[in-house]
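Thanks for coming, everyone. Please have a look at the model on the screen before I start.

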Amino acid sequence: MSDYVNIIQGDSLEVLKTLPDESVDCVVTSPPYWNLRDYGCEGQLGLEKTPEEYVANLVMVFSEVKRVLKKEGTCWVNIGDTYGGSGKGSSGSSEKAPESIGDVQKCLCQIPSRFAIEMTNRGWILRNEIIWHKPNCMPSSAEDRFTVDFEKVFFFVKSKKYYFDADAVKE
């Protein structure tokens, strides 16, 4: 195993398209969450009008990840959830019937679950859904629900045989 590490920065979809097939050992990423932050980049991931559009765009990126990932490679995705009806991606209007779960006021959108299901629909093998507990998370001002003190980390592979060293991560 090589000690060589190459970090590449840029628009993920565009950068991935420049990489050769099956050239990457491991992908670890935390994509922008839906509807939470504007990074000031035109066409950025995370500002889609609906969670459904967001998941569709996200899995398009991971189609390229799958292409560049080696057969024995692994893919780790840290992704959080969002509540509907507020923020940049949703209309927030309660006057009309919701067109998307993202239009339903205060409803947890279930984006991590939707993402994981769509990834498996596209041929990824989901090996683990890991709960990353954050004991010192940012407190929430919401008074009608519990503070969300965790995020999900999904462990995906593209083939049944892949590199995994459980001893390397033991405490």
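I will go through the pockets, then a surface patch, then the salt bridges.

This is a predicted model: local features need pLDDT of at least 70, side-chain atom pairs count only at pLDDT 80 or more, and totals for chains, interfaces and linings use all residues. Residues are numbered from 1 along each chain as its sequence is written, and side-chain values use heavy atoms, with hydrogens and water left out.

Pockets to begin with. Rolling a probe the size of a water molecule over the atoms shows where empty space is left. Here a pocket is an open set of points on a 1 Å grid over the protein atoms alone, where a 1.4 Å probe fits, with protein on both sides within 12 Å along at least five of seven lines. Lining residues have an atom within 4 Å of a point. A volume is the space filled by probe spheres set on the points, which are joined across faces, edges and corners.

The largest pocket has a volume of about 1,800 Å³. It is lined by 49 residues, and Leu 16, Val 24, Cys 26, Val 27 and Val 28 are the closest to its centre. Which elements supply at least two residues each of that lining? They are helix H1 (12-17), strand E1 (24-29), helix H2 (51-68) and strand E2 (69-79). Helices (H or I, at least four residues) and strands (E, at least two) are DSSP runs, numbered from the N terminus. H2 gives the most to this lining, seven residues. By class, the lining of the largest pocket has 27 nonpolar, 13 polar and nine charged residues. For the classes, Ala, Val, Leu, Ile, Met, Phe, Trp, Tyr, Cys and Pro count as nonpolar, Asp, Glu, Lys and Arg as charged, and the others, Gly among them, as polar.

Next, the second largest pocket. Its space is about 840 Å³. Of its 28 lining residues, Tyr 33, Leu 36, Asp 81, Val 148 and Glu 151 are the closest to the centre. Helix H3 (111-121) and strand E4 (150-157) each supply at least two residues of the lining. E4 gives the most, with three. The lining divides into 15 nonpolar, seven polar and six charged residues.

Now the surface. Ile 131, Val 148 and Phe 150 make a nonpolar patch of about 250 Å². Such a patch joins nonpolar side chains (Val, Leu, Ile, Met, Phe, Trp, Tyr) within 5 Å, from residues with over 30% relative accessible area and no salt bridge. Areas come from the Shrake-Rupley method with a 1.4 Å probe, and for residues only the protein chains shown count as cover. Ile 131 lies in strand E3 (residues 125-133).

Last, salt bridges. A salt bridge is a side-chain nitrogen of Lys or Arg within 4 Å of a carboxyl oxygen of Asp or Glu. The whole structure has 10 of them.

Lys 70 pairs with Asp 25, the closest N and O atoms being 3.1 Å apart. Lys 70 lies in strand E2 and Asp 25 in strand E1, so the pair ties together parts that are 45 residues apart in sequence. Lys 70 is partly exposed at 24% relative accessibility; Asp 25 is partly exposed at 48%. Buried means under 20% relative accessible area, exposed over 50%, partly exposed in between (1.4 Å probe, protein chains only).

Glu 129 and Lys 152 also form a salt bridge, 3.1 Å from N to O. Glu 129 sits in strand E3 and Lys 152 in strand E4, so this pair ties together parts 23 residues apart in sequence.

Finally, Asp 21, Glu 64 and Arg 67 are linked in a network of salt bridges.

Conventions:
Patch = residues over 30% accessible without salt bridge, like charges linked within 9 Å, V, L, I, M, F, W, Y side chains within 5 Å.
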